[in-house]
Structures are given as C-alpha cells and as structure tokens.
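Q: Could you take me through the enclosed space inside this protein, and then the open one? I'd like to know what lines each of them.

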Amino acid sequence: MARSPPHKPSTNHLLSALSEADFLLLEAHLSPIRLELRLSLEDANKPIRHVYFPEAGIVSVVAAGTRDRQSEVGLIGREGMTGINVVMGDDRSPHLSYIQVAGRGLRMKADDLRHAMQKSGSIRNCFLHFAQAFMVQTAHTAVANGRANIQERLARWLLMAHDRLDGNELPLTHEFIALMLNVRRAGVTVALQALAGKRLITAKRGQIMVTNRAGLLAAANGLYGIPEAEYRRLTGWRSKH
C-alpha cells in the first residue's frame, strides 16, 4: 500500500501550528490565492464568505467611514487569519479588510471553517487564541492613536509591518500610510524625514527601508511590544526580525 505523503503545512503560522489531524480537516477546503494590492477581503457589515490565511503580504483591518476618515485598527500577516468575527461566532464585521502589501495565501469558505471548529476543539482554541492576541493589538492601536505623536505612531506601525515581511523593504506610499494612520500626508512626510534623519530608515517614492530596527523601537517610545508578547504567549508566533 502506498504511503500517504508527509504533512506539509502552510507557511502561515496558524496553519503550521495545527496538528496533522487538524490540518487535514482544513486542507481539502483550502485554495491558494494571489493577494493582489487593494484586494477587498471583507466588506463592512456584510456577511463574511471566505476566511484568508496569508502566507506573504499584509492585510489592513480598517474602521469604516468615508475615505478621508478611515483609520487602520490592525494588521494581519502570515502570523494569522482574517474572519476573526467568524471565529467568534458572528458572520460579519463593522470593519473592512483589504490587502495593503501584495502577497499570497490560502482561503476557505467561512462555513467550512465553522464546521471544522465544531469538529475539533483544538482548531477552535488555536484560532480563538489568535483572535485574543489580535484584540490586544487593536486596543494598543487605540492607545497609540490617542496618546502618541505622529512620529511615535509611525515608528510603531513600521515595526509591525516589518514583523510581517521577510526583508527590510516596505513597499508603502506616503499617501497610504497617511490613510492608515488617519493623519495628513504632510505630517507623515515630516515624520518619515525625522526618522530618516536619525538614520533609522531610508525613504523614497513607494518604498521604505528599515535600516535600524533598534532605533525604531526606541522611537516608538514604549508603544510596541505588549501585543507582540501576547502573540508569542498565545500562538507562539514571533517576528523573524
């Protein structure tokens, strides 16, 4: 009798953390997908049809509003998944989610995820732990938005984006950063110039290069670290950097 192939989990952290038996419950329902820039994954207040497990790239979860009043509440990369409201037992979110940095991933129908979570308590617990860590991230984003200056918020945000990418290059425009931080573009430009002046980053059109991560940590002034510690505690994920 031919032997079954060895378990080859996804490079998505949550999927790779599952046991072989749990991964097999999901595997038949997972389909590869290119995560193109600005691809919409979830619309605000509409039923969530699919859940995505990024393997590369970054998802922005954004508080809905008019375009000039949007504000990012969280980032998701290969450490996690979309569809947190599905994991929590709901079918929709007041937020919208879309691709901020292009990449690739796997997706499955939300109903298939629900069935798998009903069959396996360990799958359910794995995804609930991620949801808990993500909620800590969103809470600290609110703290940063309320208490910190633009340069501190930007340093934190660059660290979070850096965590979710392999290299030191972040393909991001000033306009998009301004939208995500809900600040004026001119403010982002000044903050980027300040960080570049300290030799923490280099910035050119459409790209930011992290050159001194330790310096960025200092520039974040304590805003970075607590959510990242919760990701490690709850899911075992930590940045390659």
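A: Let's start with the largest cavity, which has a volume of about 110 Å³. A cavity here is a set of points, on a 1 Å grid over the protein atoms alone, where a 1.4 Å probe fits but cannot get out, and lining residues have an atom within 4 Å of a point. Grid points are joined across faces, edges and corners, and a volume is the space filled by probe spheres set on the points. Of the 15 residues lining the largest cavity, Glu72, Thr141, Arg156, Trp157 and Leu181 sit closest to its centre. A search of the whole structure turns up one cavity of 30 Å³ or more.

A word on the source: this is a predicted model, where local features need pLDDT of at least 70, side-chain atom pairs count only at pLDDT 80 or more, and totals for chains, interfaces and linings use all residues. Residues are numbered from 1 along each chain as its sequence is written, and side-chain values use heavy atoms, with hydrogens and water left out.

E4, H5, helix H6 (150-163) and helix H7 (174-181) each supply at least two residues of the cavity lining, and E4 gives the largest share, five residues. Helices (H or I, at least four residues) and strands (E, at least two) are DSSP runs, numbered from the N terminus. By type, the cavity lining divides into seven nonpolar, five polar and three charged residues. Ala, Val, Leu, Ile, Met, Phe, Trp, Tyr, Cys and Pro count as nonpolar, Asp, Glu, Lys and Arg as charged, and the others, Gly among them, as polar.

Now the open space. The largest pocket holds about 230 Å³; a pocket is an open set with protein on both sides within 12 Å along at least five of seven lines. It has 15 lining residues, and Ile84, Asn85, Ser93, His95 and Phe134 are the closest to the pocket's centre. Strand E4 (71-76), helix H3 (84-87), strand E5 (95-109) and helix H5 (121-147) each give two or more residues to the pocket lining. The pocket lining splits into seven nonpolar, seven polar and one charged.

As for the setting, the protein chain has 10 helices and eight strands. Of its 241 residues, 49% count as buried, meaning under 20% relative accessible area with a 1.4 Å probe, protein chains only. The C-alpha trace spans about 65 × 35 × 30 Å along its principal axes.

Technical notes: Buried means under 20% relative accessible area, exposed over 50%, partly exposed in between (1.4 Å probe, protein chains only).
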